[in-house]
Amino acid sequence: MPLPPAPTRRAALLPPEAYDAPARSSHKAARKSEAPAADSPLADRLNALDFDPRSGGGEREPSHPVALFDEASVQEKPQARRRAALAPEPAPRKKAKPTGPAKLFVLDTNVLMHDPMCLFRFEEHDIFLPMVVLEELDGHKKGATEVARNARQASRSLDALAGAQGADISAGLKLSSTGHGEAGGCLFFQTQALANQLPPSLPQGKADNQILGVVQGLREQYAPREVVLVSKDINMRVKARALGLATEDYRNDKTLDDLELMYSGALALPPDFWARHGKTVESWQSGQTTYYRVTGPIVPSLMINQFVYFEAPGEPSLYARVTEIRNRTAVLRTLKDYGHLKNAVWGVTTRNREQNFAMNLLMDPEVDFVTLTGTAGTGKTLMALAAGLTQVLDDRRYTEIIMTRATVSMGEDIGFLPGTEEEKMGPWMGALDDNLEVLGKTDTGAGEWGRAATNELIRSRIKIKSMNFMRGRTFLNKWLIIDEAQNLTPKQMKTLITRAGPGTKIICMGNLAQIDTPYLTEGSSGLTFVVDKFKGWPHSGHITLARGERSRLADFASEVL
(Lines give C-alpha, C1' and ligand atoms only; values in the text may rest on other atoms or scores of the structure.)
Protein backbone atom coordinates (compact mmCIF):
# COMPACT_ATOMS: atom_id res chain seq x y z
CA MET A 1 0.00 0.00 0.00
CA PRO A 2 1.51 3.37 -0.97
CA LEU A 3 2.18 5.99 1.62
CA PRO A 4 -0.53 8.66 2.05
CA PRO A 5 0.18 11.99 0.40
CA ALA A 6 1.75 14.79 2.41
CA PRO A 7 -0.73 17.06 4.15
CA THR A 8 -1.66 20.18 2.23
CA ARG A 9 -2.65 22.28 5.26
CA ARG A 10 -0.13 24.21 7.30
CA ALA A 11 0.12 23.62 11.02
CA ALA A 12 -0.93 27.23 11.59
CA LEU A 13 -4.49 26.13 10.84
CA LEU A 14 -4.54 23.84 13.87
CA PRO A 15 -6.36 25.03 16.98
CA PRO A 16 -4.22 25.88 20.00
CA GLU A 17 -5.39 22.69 21.76
CA ALA A 18 -3.69 20.52 19.12
CA TYR A 19 -0.22 21.63 20.22
CA ASP A 20 -0.92 20.48 23.78
CA ALA A 21 -2.36 17.06 22.76
CA PRO A 22 -0.42 14.05 24.16
CA ALA A 23 1.63 11.84 21.81
CA ARG A 24 -0.25 8.82 20.42
CA SER A 25 1.02 5.28 20.43
CA SER A 26 1.11 3.12 17.31
CA HIS A 27 -1.66 0.80 18.60
CA LYS A 28 -5.11 1.65 17.33
CA ALA A 29 -6.78 0.93 20.67
CA ALA A 30 -4.44 3.30 22.43
CA ARG A 31 -5.08 5.94 19.80
CA LYS A 32 -8.84 5.50 20.18
CA SER A 33 -8.70 5.69 23.96
CA GLU A 34 -6.61 8.88 23.81
CA ALA A 35 -8.77 10.49 21.15
CA PRO A 36 -10.75 13.50 22.29
CA ALA A 37 -14.46 13.45 22.73
CA ALA A 38 -16.42 13.23 19.49
CA ASP A 39 -18.34 16.40 20.18
CA SER A 40 -15.30 18.56 20.97
CA PRO A 41 -14.05 21.17 18.46
CA LEU A 42 -10.60 19.67 18.61
CA ALA A 43 -12.01 16.29 17.61
CA ASP A 44 -13.81 17.78 14.66
CA ARG A 45 -10.62 19.44 13.37
CA LEU A 46 -8.54 16.25 13.80
CA ASN A 47 -11.20 14.05 12.20
CA ALA A 48 -11.21 16.34 9.21
CA LEU A 49 -7.44 15.94 8.94
CA ASP A 50 -7.62 12.11 9.31
CA PHE A 51 -10.16 11.76 6.50
CA ASP A 52 -8.65 10.70 3.14
CA PRO A 53 -11.14 11.28 0.28
CA ARG A 54 -8.98 9.32 -2.21
CA SER A 55 -9.18 6.08 -0.18
CA GLY A 56 -12.86 5.58 -0.79
CA GLY A 57 -14.05 7.49 2.18
CA GLY A 58 -12.31 5.35 4.75
CA GLU A 59 -9.99 6.41 7.50
CA ARG A 60 -6.31 6.87 6.81
CA GLU A 61 -3.61 6.38 9.36
CA PRO A 62 -3.85 9.28 11.84
CA SER A 63 -0.75 11.31 12.41
CA HIS A 64 0.74 12.94 15.44
CA PRO A 65 0.17 16.73 15.43
CA VAL A 66 3.92 17.25 15.05
CA ALA A 67 3.86 15.17 11.87
CA LEU A 68 1.50 17.70 10.32
CA PHE A 69 4.43 20.09 9.92
CA ASP A 70 6.23 19.71 6.62
CA GLU A 71 10.02 19.64 6.54
CA ALA A 72 10.34 23.25 5.43
CA SER A 73 8.19 24.50 8.28
CA VAL A 74 10.18 22.46 10.81
CA GLN A 75 13.41 23.88 9.49
CA GLU A 76 12.10 27.42 9.47
CA LYS A 77 10.90 27.35 13.05
CA PRO A 78 14.23 28.46 14.68
CA GLN A 79 14.67 31.21 12.13
CA ALA A 80 11.11 32.36 12.70
CA ARG A 81 11.77 32.51 16.42
CA ARG A 82 14.87 34.60 15.86
CA ARG A 83 12.98 36.93 13.54
CA ALA A 84 10.23 37.30 16.13
CA ALA A 85 12.81 38.14 18.78
CA LEU A 86 14.37 40.80 16.56
CA ALA A 87 11.07 42.23 15.37
CA PRO A 88 10.12 45.69 16.70
CA GLU A 89 7.68 45.91 19.56
CA PRO A 90 4.06 46.33 18.54
CA ALA A 91 2.59 49.81 18.60
CA PRO A 92 1.08 50.80 21.94
CA ARG A 93 -2.61 50.31 22.27
CA LYS A 94 -4.93 53.24 22.20
CA LYS A 95 -5.77 54.78 25.52
CA ALA A 96 -8.72 53.03 27.05
CA LYS A 97 -11.77 55.06 27.76
CA PRO A 98 -12.36 55.96 31.40
CA THR A 99 -14.45 53.43 33.27
CA GLY A 100 -15.58 55.77 36.05
CA PRO A 101 -19.09 57.18 36.35
CA ALA A 102 -20.00 59.69 33.67
CA LYS A 103 -20.81 63.20 34.83
CA LEU A 104 -23.88 65.20 33.86
CA PHE A 105 -22.92 68.66 32.57
CA VAL A 106 -25.55 71.42 32.48
CA LEU A 107 -24.59 74.00 29.85
CA ASP A 108 -25.24 77.71 30.16
CA THR A 109 -26.37 79.62 27.08
CA ASN A 110 -23.14 81.58 26.78
CA VAL A 111 -21.17 78.34 26.31
CA LEU A 112 -23.23 77.41 23.24
CA MET A 113 -22.90 80.93 21.83
CA HIS A 114 -19.15 80.96 22.48
CA ASP A 115 -18.46 77.55 20.90
CA PRO A 116 -21.36 76.00 18.96
CA MET A 117 -19.45 72.69 18.74
CA CYS A 118 -19.15 72.40 22.52
CA LEU A 119 -21.86 69.69 22.54
CA PHE A 120 -19.37 67.19 21.13
CA ARG A 121 -16.39 68.03 23.35
CA PHE A 122 -17.32 66.41 26.65
CA GLU A 123 -16.02 62.91 25.79
CA GLU A 124 -18.01 60.17 27.55
CA HIS A 125 -20.07 62.50 29.75
CA ASP A 126 -23.74 63.45 29.31
CA ILE A 127 -25.14 66.91 28.64
CA PHE A 128 -28.35 68.48 29.94
CA LEU A 129 -29.96 71.59 28.45
CA PRO A 130 -32.59 73.44 30.50
CA MET A 131 -35.57 74.81 28.60
CA VAL A 132 -34.60 78.40 29.41
CA VAL A 133 -31.30 77.85 27.56
CA LEU A 134 -33.23 77.01 24.40
CA GLU A 135 -35.32 80.16 24.89
CA GLU A 136 -32.22 82.34 25.25
CA LEU A 137 -30.62 80.66 22.23
CA ASP A 138 -33.68 81.49 20.17
CA GLY A 139 -33.54 85.11 21.29
CA HIS A 140 -29.95 85.59 20.12
CA LYS A 141 -30.13 83.95 16.70
CA LYS A 142 -31.01 87.09 14.73
CA GLY A 143 -28.33 89.38 13.35
CA ALA A 144 -24.99 89.20 11.56
CA THR A 145 -22.74 89.21 14.64
CA GLU A 146 -20.46 86.35 15.63
CA VAL A 147 -22.73 85.55 18.59
CA ALA A 148 -25.80 85.31 16.32
CA ARG A 149 -23.98 83.02 13.88
CA ASN A 150 -22.87 80.75 16.71
CA ALA A 151 -26.42 80.64 18.10
CA ARG A 152 -27.76 79.59 14.69
CA GLN A 153 -25.10 76.92 14.30
CA ALA A 154 -25.82 75.53 17.76
CA SER A 155 -29.52 75.39 16.91
CA ARG A 156 -28.77 73.49 13.71
CA SER A 157 -26.66 70.97 15.67
CA LEU A 158 -29.51 70.42 18.12
CA ASP A 159 -31.97 69.94 15.24
CA ALA A 160 -29.67 67.38 13.58
CA LEU A 161 -29.39 65.40 16.82
CA ALA A 162 -33.14 65.43 17.38
CA GLY A 163 -33.83 64.42 13.76
CA ALA A 164 -31.36 61.51 13.64
CA GLN A 165 -32.75 58.07 12.89
CA GLY A 166 -34.00 56.32 16.02
CA ALA A 167 -33.65 59.44 18.17
CA ASP A 168 -35.70 59.41 21.39
CA ILE A 169 -35.63 62.65 23.36
CA SER A 170 -37.03 61.06 26.49
CA ALA A 171 -34.23 58.45 26.55
CA GLY A 172 -31.50 60.88 25.52
CA LEU A 173 -30.00 61.70 22.12
CA LYS A 174 -26.72 59.99 21.31
CA LEU A 175 -24.17 62.71 20.56
CA SER A 176 -22.29 60.39 18.20
CA SER A 177 -25.32 59.95 15.92
CA THR A 178 -24.28 62.87 13.68
CA GLY A 179 -20.76 61.58 13.00
CA HIS A 180 -18.88 62.93 16.03
CA GLY A 181 -17.36 59.70 17.24
CA GLU A 182 -15.35 61.34 20.02
CA ALA A 183 -18.59 62.18 21.88
CA GLY A 184 -19.69 59.11 23.80
CA GLY A 185 -22.44 60.61 25.96
CA CYS A 186 -26.08 61.57 25.46
CA LEU A 187 -27.92 64.86 25.25
CA PHE A 188 -30.94 65.39 27.51
CA PHE A 189 -33.51 68.17 27.32
CA GLN A 190 -35.61 69.38 30.20
CA THR A 191 -39.04 67.85 29.53
CA GLN A 192 -40.62 68.43 32.95
CA ALA A 193 -40.43 70.84 35.84
CA LEU A 194 -37.82 70.12 38.49
CA ALA A 195 -38.42 70.85 42.14
CA ASN A 196 -35.80 73.14 43.65
CA GLN A 197 -35.38 75.08 46.84
CA LEU A 198 -33.48 78.22 45.91
CA PRO A 199 -33.25 81.05 48.44
CA PRO A 200 -36.17 83.50 48.16
CA SER A 201 -33.67 86.34 47.60
CA LEU A 202 -33.00 85.01 44.07
CA PRO A 203 -35.72 86.22 41.66
CA GLN A 204 -37.31 83.23 39.97
CA GLY A 205 -37.96 85.11 36.73
CA LYS A 206 -34.30 85.58 35.91
CA ALA A 207 -32.86 83.08 33.44
CA ASP A 208 -29.63 82.52 35.40
CA ASN A 209 -31.55 81.66 38.54
CA GLN A 210 -33.78 79.24 36.64
CA ILE A 211 -30.71 77.42 35.39
CA LEU A 212 -29.34 77.27 38.94
CA GLY A 213 -32.65 75.79 40.06
CA VAL A 214 -32.41 73.11 37.37
CA VAL A 215 -28.89 72.20 38.48
CA GLN A 216 -30.01 71.90 42.10
CA GLY A 217 -33.01 69.77 41.11
CA LEU A 218 -30.86 67.45 38.98
CA ARG A 219 -28.35 67.03 41.79
CA GLU A 220 -31.09 65.89 44.17
CA GLN A 221 -32.76 63.68 41.58
CA TYR A 222 -29.63 61.89 40.32
CA ALA A 223 -27.61 61.70 43.55
CA PRO A 224 -24.90 60.49 44.03
CA ARG A 225 -24.11 61.22 40.35
CA GLU A 226 -22.05 64.38 39.88
CA VAL A 227 -23.95 67.25 38.24
CA VAL A 228 -21.77 70.16 37.07
CA LEU A 229 -22.79 73.57 35.72
CA VAL A 230 -20.59 74.84 32.85
CA SER A 231 -20.72 78.59 32.28
CA LYS A 232 -18.56 81.39 30.87
CA ASP A 233 -20.26 83.87 33.20
CA ILE A 234 -18.09 84.51 36.26
CA ASN A 235 -20.98 85.82 38.38
CA MET A 236 -23.03 82.76 37.49
CA ARG A 237 -20.26 80.50 38.75
CA VAL A 238 -19.89 82.55 41.93
CA LYS A 239 -23.61 82.22 42.69
CA ALA A 240 -23.48 78.48 41.98
CA ARG A 241 -20.61 78.00 44.42
CA ALA A 242 -22.45 80.06 47.03
CA LEU A 243 -25.36 77.62 46.73
CA GLY A 244 -23.05 74.63 47.09
CA LEU A 245 -23.34 73.57 43.44
CA ALA A 246 -20.45 72.18 41.39
CA THR A 247 -19.48 74.52 38.56
CA GLU A 248 -16.67 74.93 36.03
CA ASP A 249 -15.55 77.28 33.30
CA TYR A 250 -15.61 76.00 29.71
CA ARG A 251 -11.96 75.07 29.28
CA ASN A 252 -12.02 73.28 25.93
CA ASP A 253 -11.49 76.55 24.05
CA LYS A 254 -8.27 77.33 25.89
CA THR A 255 -5.06 76.60 24.03
CA LEU A 256 -2.97 77.14 27.14
CA ASP A 257 -3.87 77.14 30.82
CA ASP A 258 -0.85 79.25 31.72
CA LEU A 259 0.63 81.96 29.50
CA GLU A 260 4.08 81.12 30.88
CA LEU A 261 3.91 77.88 28.86
CA MET A 262 3.46 79.75 25.58
CA TYR A 263 6.06 79.18 22.88
CA SER A 264 8.43 82.17 22.88
CA GLY A 265 10.27 81.43 19.65
CA ALA A 266 13.73 81.78 21.23
CA LEU A 267 15.82 79.50 23.44
CA ALA A 268 18.88 80.35 25.51
CA LEU A 269 21.57 77.72 25.15
CA PRO A 270 22.89 76.40 28.49
CA PRO A 271 26.23 77.74 29.81
CA ASP A 272 27.86 74.33 29.28
CA PHE A 273 26.64 74.05 25.68
CA TRP A 274 30.09 74.14 24.06
CA ALA A 275 31.53 71.86 26.71
CA ARG A 276 28.88 69.18 26.08
CA HIS A 277 28.41 69.61 22.32
CA GLY A 278 31.67 71.19 21.15
CA LYS A 279 33.34 67.90 20.17
CA THR A 280 30.44 66.85 17.90
CA VAL A 281 29.64 70.23 16.31
CA GLU A 282 30.40 70.55 12.59
CA SER A 283 30.62 73.99 10.96
CA TRP A 284 30.90 75.32 7.42
CA GLN A 285 30.43 78.66 5.69
CA SER A 286 28.35 79.70 2.70
CA GLY A 287 28.90 83.31 1.71
CA GLN A 288 28.55 85.43 4.84
CA THR A 289 26.49 82.80 6.65
CA THR A 290 27.91 80.15 8.97
CA TYR A 291 26.16 76.84 9.58
CA TYR A 292 26.52 74.52 12.58
CA ARG A 293 25.42 70.90 12.74
CA VAL A 294 24.68 70.00 16.35
CA THR A 295 24.14 66.51 17.75
CA GLY A 296 23.26 65.94 21.36
CA PRO A 297 20.66 66.03 24.10
CA ILE A 298 19.48 69.56 23.28
CA VAL A 299 18.16 68.64 19.81
CA PRO A 300 14.80 67.13 20.92
CA SER A 301 13.87 70.44 22.54
CA LEU A 302 14.41 72.46 19.33
CA MET A 303 11.91 73.39 16.63
CA ILE A 304 12.22 74.55 13.05
CA ASN A 305 12.69 78.35 12.79
CA GLN A 306 13.32 78.63 16.51
CA PHE A 307 16.06 81.08 17.49
CA VAL A 308 18.88 80.02 19.81
CA TYR A 309 21.45 82.25 21.41
CA PHE A 310 24.51 81.82 23.60
CA GLU A 311 25.72 84.67 25.75
CA ALA A 312 28.44 84.26 28.37
CA PRO A 313 31.04 86.68 29.74
CA GLY A 314 34.43 86.20 28.16
CA GLU A 315 33.16 83.95 25.36
CA PRO A 316 31.96 84.78 21.82
CA SER A 317 28.19 85.08 21.47
CA LEU A 318 26.12 82.98 19.10
CA TYR A 319 22.81 83.99 17.53
CA ALA A 320 21.33 81.44 15.13
CA ARG A 321 18.11 79.98 13.79
CA VAL A 322 17.22 76.29 13.51
CA THR A 323 16.82 75.46 9.81
CA GLU A 324 16.78 71.65 9.82
CA ILE A 325 16.08 68.83 12.27
CA ARG A 326 16.72 65.17 11.46
CA ASN A 327 16.43 62.63 14.25
CA ARG A 328 18.96 63.84 16.87
CA THR A 329 20.77 66.27 14.55
CA ALA A 330 19.94 69.95 14.02
CA VAL A 331 21.41 72.55 11.67
CA LEU A 332 21.79 76.13 12.95
CA ARG A 333 22.27 79.14 10.67
CA THR A 334 23.72 82.41 11.91
CA LEU A 335 21.64 85.58 11.59
CA LYS A 336 22.00 88.82 9.76
CA ASP A 337 22.67 91.70 12.13
CA TYR A 338 19.97 94.29 11.47
CA GLY A 339 21.25 96.31 14.39
CA HIS A 340 24.13 97.57 12.26
CA LEU A 341 23.51 100.74 10.29
CA LYS A 342 24.62 99.17 7.00
CA ASN A 343 21.79 96.61 7.29
CA ALA A 344 19.09 99.18 8.21
CA VAL A 345 15.61 98.37 6.88
CA TRP A 346 13.97 101.57 5.56
CA GLY A 347 16.23 103.51 7.90
CA VAL A 348 15.25 101.40 10.94
CA THR A 349 17.81 99.42 12.93
CA THR A 350 16.97 96.89 15.63
CA ARG A 351 17.84 97.78 19.21
CA ASN A 352 17.81 94.46 21.04
CA ARG A 353 18.17 90.73 20.53
CA GLU A 354 14.48 89.89 20.08
CA GLN A 355 13.96 92.70 17.57
CA ASN A 356 16.82 91.32 15.48
CA PHE A 357 15.19 87.86 15.60
CA ALA A 358 11.89 89.35 14.44
CA MET A 359 13.51 91.31 11.59
CA ASN A 360 15.22 88.14 10.33
CA LEU A 361 11.78 86.50 10.10
CA LEU A 362 10.18 89.52 8.44
CA MET A 363 12.90 89.81 5.79
CA ASP A 364 13.02 86.08 4.95
CA PRO A 365 10.96 85.37 1.80
CA GLU A 366 10.69 81.67 2.76
CA VAL A 367 8.68 82.53 5.88
CA ASP A 368 5.02 83.08 4.97
CA PHE A 369 3.53 83.59 8.43
CA VAL A 370 5.03 85.61 11.29
CA THR A 371 3.52 86.22 14.74
CA LEU A 372 4.85 88.94 17.03
CA THR A 373 3.74 89.37 20.63
CA GLY A 374 4.96 91.83 23.22
CA THR A 375 3.99 94.71 25.44
CA ALA A 376 3.38 98.26 24.25
CA GLY A 377 6.40 99.95 22.70
CA THR A 378 8.37 96.85 21.67
CA GLY A 379 8.38 97.91 17.99
CA LYS A 380 6.00 95.39 16.46
CA THR A 381 4.17 97.74 14.08
CA LEU A 382 7.24 99.79 13.18
CA MET A 383 9.29 96.75 12.17
CA ALA A 384 6.40 95.19 10.22
CA LEU A 385 5.84 98.42 8.25
CA ALA A 386 9.56 99.02 7.62
CA ALA A 387 10.10 95.46 6.36
CA GLY A 388 6.94 95.70 4.26
CA LEU A 389 7.89 99.01 2.62
CA THR A 390 11.37 97.73 1.78
CA GLN A 391 10.03 94.60 0.10
CA VAL A 392 7.16 96.41 -1.67
CA LEU A 393 8.95 99.53 -2.96
CA ASP A 394 12.62 98.49 -3.15
CA ASP A 395 12.62 94.72 -3.75
CA ARG A 396 9.19 94.63 -5.48
CA ARG A 397 8.56 91.26 -3.89
CA TYR A 398 5.00 92.22 -2.93
CA THR A 399 2.59 94.56 -4.69
CA GLU A 400 1.13 96.43 -1.72
CA ILE A 401 0.65 96.47 2.05
CA ILE A 402 -2.80 95.66 3.46
CA MET A 403 -3.44 96.49 7.10
CA THR A 404 -6.45 95.46 9.17
CA ARG A 405 -7.35 95.10 12.82
CA ALA A 406 -10.19 94.13 15.13
CA THR A 407 -12.40 97.17 15.76
CA VAL A 408 -12.89 96.66 19.48
CA SER A 409 -13.28 99.84 21.51
CA MET A 410 -11.30 100.41 24.67
CA GLY A 411 -14.14 102.45 26.18
CA GLU A 412 -17.65 103.48 25.16
CA ASP A 413 -18.49 103.35 21.46
CA ILE A 414 -18.69 106.79 19.82
CA GLY A 415 -21.27 105.64 17.29
CA PHE A 416 -21.24 105.29 13.52
CA LEU A 417 -18.37 106.79 11.52
CA PRO A 418 -18.93 108.64 8.23
CA GLY A 419 -17.20 108.07 4.90
CA THR A 420 -15.87 105.16 2.89
CA GLU A 421 -14.41 101.93 4.24
CA GLU A 422 -10.93 103.41 4.57
CA GLU A 423 -12.28 106.62 6.12
CA LYS A 424 -14.25 104.61 8.67
CA MET A 425 -11.12 102.60 9.51
CA GLY A 426 -9.03 105.78 9.82
CA PRO A 427 -9.66 106.37 13.55
CA TRP A 428 -8.67 102.75 14.28
CA MET A 429 -5.41 103.13 12.40
CA GLY A 430 -3.73 105.81 14.51
CA ALA A 431 -0.81 103.44 15.07
CA LEU A 432 -0.25 103.32 11.30
CA ASP A 433 -0.08 107.12 11.02
CA ASP A 434 2.29 107.38 13.99
CA ASN A 435 4.71 104.83 12.57
CA LEU A 436 4.56 106.26 9.06
CA GLU A 437 5.56 109.60 10.55
CA VAL A 438 8.61 107.95 12.11
CA LEU A 439 9.51 106.16 8.88
CA GLY A 440 9.10 109.38 6.86
CA LYS A 441 11.79 111.10 8.93
CA THR A 442 14.43 108.43 8.30
CA ASP A 443 15.35 109.89 4.89
CA THR A 444 17.11 113.10 5.95
CA GLY A 445 18.83 113.87 2.66
CA ALA A 446 15.77 114.14 0.41
CA GLY A 447 14.60 117.55 1.55
CA GLU A 448 11.07 118.70 2.27
CA TRP A 449 9.75 118.08 -1.26
CA GLY A 450 11.41 114.66 -1.43
CA ARG A 451 9.88 113.57 1.88
CA ALA A 452 6.45 114.77 0.75
CA ALA A 453 6.74 112.78 -2.48
CA THR A 454 7.91 109.72 -0.55
CA ASN A 455 4.98 109.97 1.87
CA GLU A 456 2.58 110.22 -1.08
CA LEU A 457 4.11 107.11 -2.65
CA ILE A 458 3.94 105.23 0.63
CA ARG A 459 0.28 106.15 1.11
CA SER A 460 -0.54 104.87 -2.38
CA ARG A 461 0.90 101.42 -1.55
CA ILE A 462 -0.85 100.97 1.80
CA LYS A 463 -4.51 99.88 1.91
CA ILE A 464 -6.63 99.83 5.05
CA LYS A 465 -9.32 97.15 5.07
CA SER A 466 -12.06 96.16 7.48
CA MET A 467 -12.24 92.56 8.67
CA ASN A 468 -16.02 92.59 8.16
CA PHE A 469 -15.53 92.24 4.39
CA MET A 470 -12.70 89.71 4.34
CA ARG A 471 -14.74 86.55 3.82
CA GLY A 472 -14.41 85.18 0.29
CA ARG A 473 -11.42 87.32 -0.68
CA THR A 474 -8.03 86.07 -1.93
CA PHE A 475 -4.88 88.20 -1.63
CA LEU A 476 -2.13 87.66 -4.21
CA ASN A 477 1.44 88.88 -3.51
CA LYS A 478 0.34 91.07 -0.61
CA TRP A 479 2.01 92.04 2.65
CA LEU A 480 -0.90 91.56 5.09
CA ILE A 481 -0.60 93.00 8.60
CA ILE A 482 -3.18 91.96 11.22
CA ASP A 483 -2.86 94.38 14.13
CA GLU A 484 -4.37 93.88 17.61
CA ALA A 485 -4.75 90.16 16.84
CA GLN A 486 -5.20 89.34 20.52
CA ASN A 487 -8.85 90.46 20.22
CA LEU A 488 -9.66 87.85 17.56
CA THR A 489 -11.19 84.44 18.21
CA PRO A 490 -9.58 81.31 16.72
CA LYS A 491 -12.41 81.13 14.16
CA GLN A 492 -11.85 84.73 13.04
CA MET A 493 -8.11 84.12 12.84
CA LYS A 494 -8.70 81.10 10.62
CA THR A 495 -10.92 83.19 8.34
CA LEU A 496 -8.20 85.82 7.90
CA ILE A 497 -5.23 83.49 7.42
CA THR A 498 -7.03 81.41 4.80
CA ARG A 499 -7.39 84.54 2.64
CA ALA A 500 -3.70 84.24 1.71
CA GLY A 501 -3.04 83.43 -1.92
CA PRO A 502 0.28 82.66 -3.68
CA GLY A 503 3.11 84.98 -2.69
CA THR A 504 1.31 86.57 0.28
CA LYS A 505 2.94 87.02 3.68
CA ILE A 506 0.88 87.52 6.84
CA ILE A 507 2.12 89.22 10.01
CA CYS A 508 -0.02 88.89 13.16
CA MET A 509 0.79 91.27 16.02
CA GLY A 510 -0.72 91.78 19.42
CA ASN A 511 -0.31 92.24 23.15
CA LEU A 512 -1.94 89.42 25.09
CA ALA A 513 -2.09 91.64 28.18
CA GLN A 514 -4.55 93.99 26.42
CA ILE A 515 -7.57 91.87 25.49
CA ASP A 516 -10.77 93.90 25.18
CA THR A 517 -13.10 91.25 23.70
CA PRO A 518 -15.63 89.68 26.10
CA TYR A 519 -15.22 85.94 26.81
CA LEU A 520 -11.64 85.93 25.47
CA THR A 521 -8.68 85.31 27.76
CA GLU A 522 -4.96 84.99 27.23
CA GLY A 523 -5.34 81.23 26.88
CA SER A 524 -8.28 81.28 24.45
CA SER A 525 -7.24 84.20 22.23
CA GLY A 526 -6.87 83.57 18.51
CA LEU A 527 -3.31 84.89 18.66
CA THR A 528 -2.34 82.28 21.25
CA PHE A 529 -4.12 79.67 19.14
CA VAL A 530 -2.13 80.34 15.96
CA VAL A 531 1.19 80.62 17.82
CA ASP A 532 0.66 77.14 19.25
CA LYS A 533 -0.61 75.59 15.99
CA PHE A 534 2.06 77.03 13.68
CA LYS A 535 5.13 76.40 15.85
CA GLY A 536 7.57 74.10 14.12
CA TRP A 537 6.15 74.68 10.60
CA PRO A 538 9.10 75.40 8.23
CA HIS A 539 7.40 78.48 6.73
CA SER A 540 6.34 80.24 9.94
CA GLY A 541 8.04 81.87 12.87
CA HIS A 542 7.21 83.51 16.18
CA ILE A 543 9.02 85.88 18.53
CA THR A 544 7.96 87.30 21.87
CA LEU A 545 9.43 90.80 22.13
CA ALA A 546 10.54 91.34 25.69
CA ARG A 547 11.88 94.89 26.00
CA GLY A 548 10.12 98.11 25.12
CA GLU A 549 11.95 100.73 23.08
CA ARG A 550 9.32 103.48 22.99
CA SER A 551 10.53 105.67 25.84
CA ARG A 552 11.71 105.38 29.41
CA LEU A 553 8.33 106.69 30.57
CA ALA A 554 6.42 103.99 28.65
CA ASP A 555 8.78 101.25 29.83
CA PHE A 556 8.41 102.27 33.47
CA ALA A 557 4.62 102.50 33.13
CA SER A 558 4.45 98.99 31.63
CA GLU A 559 6.29 97.62 34.66
CA VAL A 560 4.57 99.42 37.55
CA LEU A 561 1.01 100.04 36.33
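These exercises work through a pocket, a strand pairing and some salt bridges in a predicted model.

**Exercise 1.** Describe the lining of the largest pocket.

Step 1. The pocket holds about 1,500 Å³ of space. Its lining has 43 residues, and the closest to the centre are Glu 146, Val 147, Asn 150, Thr 489 and Gln 492.
Step 2. Sort the lining by type: 16 residues are nonpolar, 17 polar and 10 charged.
Step 3. Look for helices. H5 (109-114), H7 (146-162) and H16 (490-497) each supply at least two lining residues.

**Exercise 2.** Which parts of the chain does the salt bridge between Arg 237 and Asp 249 tie together, and is each residue buried or exposed?

Step 1. The closest N and O atoms of this pair are 3.5 Å apart.
Step 2. Arg 237 lies in helix H9 (residues 234-242) and Asp 249 in the loop between strands E6 (246-248) and E7 (266-268), so the bridge ties together parts 12 residues apart in sequence.
Step 3. Buried means under 20% relative accessible area. Arg 237 has 11%, so Arg 237 is buried. Asp 249 has 18%, so Asp 249 is buried too.
Step 4. Widen the view. Lys 232, Arg 237 and Asp 249 are linked in a salt-bridge network.

Terms used: Residues are numbered from 1 along each chain as its sequence is written. This is a predicted model: local features need pLDDT of at least 70, side-chain atom pairs count only at pLDDT 80 or more; totals for chains, interfaces and linings use all residues. Side-chain values use heavy atoms; hydrogens and water are left out. On a 1 Å grid over the protein atoms alone, a cavity is a set of points where a 1.4 Å probe fits but cannot get out, and a pocket is an open set with protein on both sides within 12 Å along at least five of seven lines; lining residues have an atom within 4 Å of a point. Grid points are joined across faces, edges and corners, and a volume is the space filled by probe spheres set on the points. Helices (H or I, at least four residues) and strands (E, at least two) are DSSP runs, numbered from the N terminus. Ala, Val, Leu, Ile, Met, Phe, Trp, Tyr, Cys and Pro count as nonpolar, Asp, Glu, Lys and Arg as charged, and the others, Gly among them, as polar. A salt bridge is a side-chain nitrogen of Lys or Arg within 4 Å of a carboxyl oxygen of Asp or Glu. Buried means under 20% relative accessible area, exposed over 50%, partly exposed in between (1.4 Å probe, protein chains only).
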